[in-house]
Amino acid sequence: MTKTSPTPDDQTPTRKAPEETRLRSRMTGALRGEDAGTTHTLTGWVHRRRDLGGLLFVDLRDGSGLVQVSFGPDWTDSETLERAHRLGAEDVIRITGEVILRPQDARNPELATGDIEVQARSLERLNRARTPAIPVYRGPDDELPAEELRLRHRHLDLRRTPLQENLALRHRLVLATRNYFDALGFLEVETPVLTKPTPEGARDYLVPSRVHPGEFYALPQSPQIYKQILMTAGFDRYMQIARCFRDEDLRADRQPEFTQIDVEAAFVGADDVLEWIEGLMETLGQVAGVEADAPFQRMSWARAMDRYGSDRPDLRWDLHLHDWTESLGTADSNILRGAVEKGGRIRGLRLEGGAELSRRQVEAIEDQAKAAGAPGLLWAKRTADGGSGPLSRWLEEEHWGALEAREGDLVLVAAGADRITSPALAAARRGAIEALELPRARDHAWLWVLDFPLFEEEDGVIFPNHHPFVLPHPDDADRLAEDPLSVRGVAYDLVYNGSELGSGSLRIHDPKLQRGVLELLGLDADEIDRKFGFLLEALASGAPPHGGIALGMDRIVKDFLGAPSLRDVIAFPKTTAARALFEGAPSEVTEGELADLHLNIRSRDTRGEEPA
């Protein structure tokens, strides 16, 4: 019987090595050639069993790795050997044995423990495992089961070494984040999870109150208002590894609940925040093996949209958009001239050597532009006898010269309003890079995008570009009332390899200005006081200038690893249908539970499970 009970009071426990417990002396992955000749007790799961008649080999796995354990008549008694033959996949066992060096021709250079094996003297099965619903991943050549099946059996999927390594890196990055900000004098303060519904750009998850019938808490989309209040309360530097919730449509880089590195500081300018975060990225990059050399490149939002059609451009490639309005506006094309006459622009991409792409490949790029909202792309290949493609019939020699297109080049063109052509050309840029397999100019591209518009407009309604607490740019503040859409905010986004890792700003600390911005967004006085009265009260108490940023922890880990989805760096993620397949959430509740919360459901949604 394995002894797991506490040491009696009259005995002094001996100090153990960090990995040693009452059930084991070492972790399996920690053994090396220098341990040869020592005896150890190991625990873990049966990863693989190979029966060679007289000899039996078991790959024993725990959270640190694998080690080969051998059972043989020369060193294992017959009763233990018989028990070893009855072991099944994923059984939990405990063995004691001697570490020996493998013969030179039997060593496995792909394993950290590949130079040794453990000759088992004893074996104890701590728990029998039923046949796994999905195979536990063994190596890069194994085909993974479908993701939905893996999420349904997440407890088995999490036994995969790659997932465990991803989560271990995540732990180290979180730890490094806390240590970094602690050294700078930041204080971690926990803010409420049950809070007040406030509009921040996505729908809230609402929580009914049992003790206050008809009233609801909201799960926080971010700690934004609370961290601003902490600044008014005199906490000079705040940070938090915060859990946040947003009820929005999901995709590979979104989850309904997520973790962010939340930062705020008083008496700062934007440069202070940017420099701190650059230092953080250098620190995290050292942990993850990602190059992050500060200072990072900076670019205004207007320039990013003009040159790349995106506010999070991937600068690993130097390919950028060109404005050909002046040169192509004279072409004999109703499409091009009409776009310019309506106030639009003619922009596009010049792809060196792009004429090698087939018509099907070019049309695939055009399809990506259409999916992003464009009616289509015009394209032309420069050839020895002039040109080919729909655009070429309007191009004279002077136009080719203005495009700086040489023989063998391809030009892609979109004409119209920037709000339509920018996302389309950004999609075309990505498609062209992939189709041409363009080499990267760099492997790690860091960028600050600055000076976002304070507001956006859709169907005559204005709404915040980031959130309603962003400080208007001092050079534009005098236009706030008359021309709010022309006003920039002191806002900044951190972009890494085309992915937005974080977003921040300086905040409004004047309660009168904050109320004015909320009024511009269409809120009346009663609604402002009801939703934001507590923030305005705090600002009116003497709020210092302050600013901060929120960085997506999940996204940082994903992008540092190059993982395809956030689900690869979260222990228990949701599907794109916002379902937790393993534990079966969300789920129905009883009428009695609803009655306790003073709720009544008019009808239940009986739709089937959506795909992961």
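**Cavity lining, helix packing and a β-hairpin**

The second largest cavity is lined by Leu151, Arg154, Phe572, Pro573, Ala580, Leu581, Phe582 and Glu583, a cavity being a set of points on a 1 Å grid over the protein atoms alone where a 1.4 Å probe fits but cannot get out, and lining residues having an atom within 4 Å of a point. The model is predicted, with local features needing pLDDT of at least 70 and side-chain atom pairs counting only at pLDDT 80 or more, whereas totals for chains, interfaces and linings use all residues. Residues are numbered from 1 along each chain as its sequence is written, and side-chain values use heavy atoms, with hydrogens and water left out.

The structure holds two cavities of 30 Å³ or more.

Helices α4 (residues 161-183) and α6 (residues 270-288) pack at about 145 degrees with axes 10 Å apart; helices are DSSP runs of H or I of at least four residues, and strands are E runs of at least two, numbered from the N terminus. Axes are lines fitted to C-alpha atoms over the stretch in contact, and angles run from 0 to 180 degrees between N-to-C directions. The contact (heavy atoms within 4.5 Å) includes Leu169 and Tyr180 of α4 and Trp276 and Leu284 of α6.

Strands β18 (residues 455-458) and β19 (residues 461-464) run antiparallel, joined by four bridges, where pairing requires at least two DSSP bridges. Glutamate 456 stands opposite phenylalanine 463 in β19, and in the two-residue turn of this hairpin aspartate 459 has a positive phi of about 55 degrees.

Key. On a 1 Å grid over the protein atoms alone, a cavity is a set of points where a 1.4 Å probe fits but cannot get out, and a pocket is an open set with protein on both sides within 12 Å along at least five of seven lines; lining residues have an atom within 4 Å of a point. Grid points are joined across faces, edges and corners, and a volume is the space filled by probe spheres set on the points.
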